[in-house]
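Good morning, everyone. Please take a look at the structure I am putting up, and then I will walk you through it.

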Amino acid sequence: MSHPLAILVHGMGRTPVSMALLAFRLRRDGFRTPIFGYSVTVERFPSCVARLQRFIESRLGTERFIVIGHSLGAVLLRCVLPKLVQQPAACFLLAPPSRACVWARMLAPHLPYRIVAGEMGQLLANEEFMGSVPIPCCPTWIYAGTGGPSTRFFSPWRRTQ
């Protein structure tokens, strides 16, 4: 049996290049790996979801497929899955936000963030929106944790007393 198609969606503040290593490793194991790219600065959320739907559907025949999304890419996938006629065999969510993001809430009022992150960045800060994001109906694996960039003096995950 051949490997399914693996559709990858990067996170906010990233580009399709951020998924290149994962795509390379999946291709090495026999997957085809189209990567969906978007820009939070210039694109609105509804049009991005519609474009993601077209991107996925244009690559499907009758073959099985899986989806892999990082951060905001996971949110985009969760919003597009109910719109697809054919559901993925599996959904892999890497560091997916399930609630309004702390960083997005802190930065949302500030003009530089609003300009760079656009509407999608504001949605990540919106608890009501994040609570309305659909739960996938297909088998789903979530990879989350507290690892990430930090230094001796600064870690967004470190609790201060």
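This is a predicted model: local features need pLDDT of at least 70, side-chain atom pairs count only at pLDDT 80 or more; totals for chains, interfaces and linings use all residues.

**Strands, cores and cysteines**

Residues are numbered from 1 along each chain as its sequence is written, and side-chain values use heavy atoms, with hydrogens and water left out.

Some terms. Helices (H or I, at least four residues) and strands (E, at least two) are DSSP runs, numbered from the N terminus. Two strands pair if DSSP finds at least two bridges between them.

Now the strands. Strand β3 covers residues 65–70, and β4 covers residues 90–94. These two pair in the parallel sense, over 5 bridges. β4 also pairs with β5, residues 140–143, again parallel, over 4 bridges. There, Phe-92 stands opposite Trp-141.

Val-9 has Phe-36 as its bridge partner. From β1 the chain passes through helix α1, residues 20–28, to β2, a right-handed β-α-β crossover. Right-handed means that, with the strands pointing away from the viewer, the path from the first strand over the helix to the second runs clockwise. β3, helix α3 (residues 72–80) and β4 form a right-handed β-α-β unit too.

In β4, 4 of the 5 residues are buried.

Next, the cores. A nonpolar core is a set of buried Ala, Val, Leu, Ile, Met, Phe, Trp, Tyr and Cys residues joined through side-chain atoms within 4.5 Å. The largest has 39 residues, and those touching the most other members are Tyr-38, Phe-45, Leu-52, Ile-56, Val-75 and Leu-76. α3 gives the most to this core, with 7 residues. Contact means heavy atoms within 4.5 Å. Leaving aside neighbours within four places in sequence, Ile-56 is in contact with Ile-7, Phe-65, Leu-77, Val-80 and Leu-84. Another core, of 10 residues, lies apart from the largest one; Met-19, Phe-31, Ala-90 and Phe-92 are among its members.

His-10 lies between β1 and α1. Is His-10 buried or exposed? Buried, because its relative accessible area is 0%. Not counting residues up to four places away in sequence, His-10 touches several residues, including Thr-15, Tyr-38 and His-70.

Last, the cysteines. A disulfide here is a pair of cysteine sulfur atoms within 2.5 Å. The count is 0. Take Cys-137: its closest cysteine sulfur, in Cys-138, is 7.6 Å away, so that is too far for a bond. Cys-137 is exposed, at 78% relative accessible area. Cys-101 is partly exposed, at 23% relative accessibility.

Terms used
Buried means under 20% relative accessible area, exposed over 50%, partly exposed in between (1.4 Å probe, protein chains only).
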